[in-house]
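Dear colleague,

I am passing on the structure below, and after it you will find an account of what turned up. Please keep it open while you read.

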Amino acid sequence: MRAQTLTNATAALEWDVAAVPIAGEEMLGDRAVVAFADEQVLAAAVDGLGHGTEAAAAANVAARVLKQSVEQEPAEVTLACHRALTHTRGAALSLASIDLRQHTMTWLGVGNVEGRLLRGAQASPVTESLLLHAGIVGHRLPPLSAQCVRIARGDVLIFATDGIRRDFADLLVPSGSCRQIAERILEQHALGSDDALVLVARYLARR
């Protein structure tokens, strides 16, 4: 029964990632995580501070914690990452916990990983933005307050690290696959001055 439920969970979300390290670096300091439980999905983007090997090490530590924390509340997950990152250079982190039973998404961000939720697949979709908390996960964690919103089939969640221009979603039409959307954002909005990562997830569950 658990295996069947988990299959249903993975079918509830289409997702993909596009990323590129800063010029001159082989290691990418940004990571994306999408993990599934019975009726829960966790999607997150991590930006290790700076770039290169140490940034990648911090991002990898956070990614391991995230993969083990699918069923926890976003504030609890963020705190767990904060504790694990204490001896690294730290990271920015934005994450979203999706409840497939309630059709809700609870999201939280610390640092400068931008989050956008595009409602539906209309030509001019309504866009909601994640409220970001100032701080560094692993070094300076502020009081945390997550936002909970209802979601519907066709809604598109996007996380973008700070190697992507903040206005990436202003004129975005979320057509095509998640990979196509992520690659389009990376191609059109990458700054070139830092690692860049885009995570795109489309909600497919029906009420």
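Does V41 count as buried or exposed? At 1% relative accessibility V41 counts as buried, where buried means under 20% relative accessible area, exposed means over 50%, and partly exposed lies in between, with a 1.4 Å probe and protein chains only.

Before going further, please note that this is a predicted model, in which local features need pLDDT of at least 70 and side-chain atom pairs count only at pLDDT 80 or more, while totals for chains, interfaces and linings use all residues. Residues are numbered from 1 along each chain as its sequence is written, and side-chain values use heavy atoms, with hydrogens and water left out.

V41 lies in strand β3; strands (E, at least two residues) and helices (H or I, at least four) are DSSP runs numbered from the N terminus. Leaving aside neighbours within four places in sequence, V41 has contacts (heavy atoms within 4.5 Å) with several residues, among them A9, L13, F36, V70 and I98. The C-alpha atoms of V41 and A19, by contrast, are separated by 22 Å, although these residues are 22 apart along the chain.

Turning to the helices, α2 (residues 53–67) has 15 residues, which at 1.5 Å a residue should span 21 Å, and this agrees with its end C-alpha atoms being 21 Å apart; the expected span is 1.5 Å times one less than the number of residues. The buried residues of α2 include A55, A59, V61 and L66, and what covers the buried residues of α2 includes β2 (30–36), β3 (40–48), α3 (74–84) and β4 (91–99).

In α3 the buried residues are P74, V77, T78, C81 and H82. Seen down the axis of α3, these fall within an arc of 140°, so they line one face of the helix, the arc being that of the directions from the helix axis to the C-beta atoms. Their cover includes α2, β4 and β5 (104–110).

Finally, a search of the whole structure finds one cavity of 30 Å³ or more, a cavity being a set of points on a 1 Å grid over the protein atoms alone where a 1.4 Å probe fits but cannot get out. Grid points are joined across faces, edges and corners, and the volume is the space filled by probe spheres set on the points. About 50 Å³ of space lies in the largest cavity. Its lining residues (those with an atom within 4 Å of a point) include L13, I98, D155 and R202, and β11 (196–203) gives the most to this lining, with three residues.

With best wishes

Key:
1 Å grid on protein atoms, 1.4 Å probe; cavity = no way out; pocket = protein on both sides within 12 Å on 5 of 7 lines; lining within 4 Å.
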